Amino acid sequence: MFIKDAWYIAAWAHEVKDQVLARKICNESIVIFRDKATQKAGALRDRCCHRGTPLSYGQVVQAGLECGYHGLIFNTAGACVHIPGQAKIPSKACVQSFPLVEKDECLWIWMGDPEKADVSKIVDYPYHNDHAKWPHKHEVYHVKANSMLMVDNLMDLTHLAYVHKSTIGGSNANAHIEAQMKVTPKDTGLHFIRWLLNSTPPPTYKKAVPDIGERVDRWMEFEFVAPGSVIQWTGGLKTGMDAQNNRDQEGGFSLRIFHGLTPETESSCFYFWSAANGYRQNDPQATEDLFHEITVAFSEDKGIVQAQQRMLDETGTSDLVDIVSDQARVHMRRTVTRLLAQEQQSAA
């Protein structure tokens, strides 16, 4: 069960150049390509209307996407524009297209009713466009787990001290458990901020900013926008710098991370993420080192969530219990359940 009247990341913009890209999103096989003349990207159902061959076996030519079986060509709207050896093109010679919008280095796709595809509802992430202040790198993981399990992971950060001891978490579990946390529900998601005051900086912070000090005030600010976008700003300043009233100061550690979870199937997803360096922006090596640290941490997340999915496939979820640290996760799940019910009611 997926929310389909929503924008998901289909690909990073750079993934789609002259070649076609095949992805399954919400159990639908999709092919993405760019028009050679306009460079505008389009998304079609990955199935030729002639003999049902995947269009992703074809190639991009000047007129559009050419089927690799019999040479029919389709434009980004899904209309057939050429049939070899045939002048008249039947009106039924077309394939389903999906709204696709390029914004902030992402290609956003709408899997539901195209009449409801409101571009203004795409998440804003201007930091991808500010390479001077927020130099960044990005990645996409194929994760063998339900996309909501990955969102769960981002909503309960007490796991940092257990899963990410050597990188972004640090080994002091009590600091995470006792963090000050404020959750603010929203119609389409939630916002939360956690403060770990007067705490030991984790290894990633010390590597990035060696003179950050032995005690820091750390913050973790997250915004979840249903069904799969999470915007993060995390950092720390030396204790005594009044970080709670002014986080945007020099001399500390700061990074921004964008998380985009796109369901592939009920038990697999694509995890799009970017990490932006907010502390030594003029040092390309600092951005590389940060990306490496985050790669290690997120690979750990991927491993544990995939193991969780395997176990849940065996045992189910009916006997799982919630604990106090699940506050944001529980609200996130309720929001997704509510929006899914509204979509189903509207379609009935």
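Reader: Which residues lie nearest the centre of the second largest pocket, and how many residues line the pocket?

Author: A pocket is an open set of points, on a 1 Å grid over the protein atoms alone, with protein on both sides within 12 Å along at least five of seven lines, and its lining residues have an atom within 4 Å of a point. Here the second largest pocket is lined by 17 residues, and Asp5, Ala6, Trp110, Lys121 and Ala226 lie nearest its centre. The elements that give two or more residues to this lining are β11 (106-110) and α6, where helices (H or I, at least four residues) and strands (E, at least two) are DSSP runs numbered from the N terminus. Please keep in mind that this is a predicted model, in which local features need pLDDT of at least 70 and side-chain atom pairs count only at pLDDT 80 or more, while totals for chains, interfaces and linings use all residues. Residues are numbered from 1 along each chain as its sequence is written, and side-chain values use heavy atoms, with hydrogens and water left out.

Reader: What volume does the largest pocket have, and which element gives the largest share of its lining?

Author: A volume is the space filled by probe spheres set on the grid points, which are joined across faces, edges and corners. The largest pocket holds about 850 Å³, and the second largest pocket about 440 Å³. For the largest pocket, the largest share of the lining, six residues, comes from α5, and α1, α2 (160-163), α5 and α6 each supply at least two residues. Of its 25 lining residues, Leu149, Asp152, Gln308, Leu320 and Arg329 lie nearest the centre. By class the lining has 10 nonpolar, eight polar and seven charged residues, where Ala, Val, Leu, Ile, Met, Phe, Trp, Tyr, Cys and Pro count as nonpolar, Asp, Glu, Lys and Arg as charged, and the others, Gly among them, as polar.

Reader: How many cavities of 30 Å³ or more are there, and what lines the second largest cavity?

Author: A cavity is a set of grid points where a 1.4 Å probe fits but cannot get out, and the count comes to two cavities of 30 Å³ or more. The largest cavity has a volume of about 180 Å³ and is lined by 20 residues, with Leu160, Ile168, Phe222, Gln232 and Phe298 nearest its centre. Four residues, the largest share of that lining, come from β17. The second largest cavity has about 50 Å³ of space, and its lining includes Trp7, Trp108, Ala226 and Pro227, with eight nonpolar, four polar and no charged residues.

Reader: How should I read the aromatic pair of Tyr141 and Tyr271?

Author: A pair of aromatic rings is described by the distance of the centres and the angle of the planes. Rings of Phe, Tyr and Trp (its six-membered ring) pair if their centres lie within 6.5 Å, and planes under 30 degrees apart count as stacked, over 60 as edge-to-face and the rest as tilted. The structure holds 17 aromatic pairs. The pair of Tyr141 and Tyr271 is edge-to-face, at 6.3 Å centre to centre and with 75° between the planes. This pair links distant parts of the chain, with Tyr141 in strand β12 (residues 136-143) and Tyr271 in strand β18 (residues 268-277), 130 residues apart.
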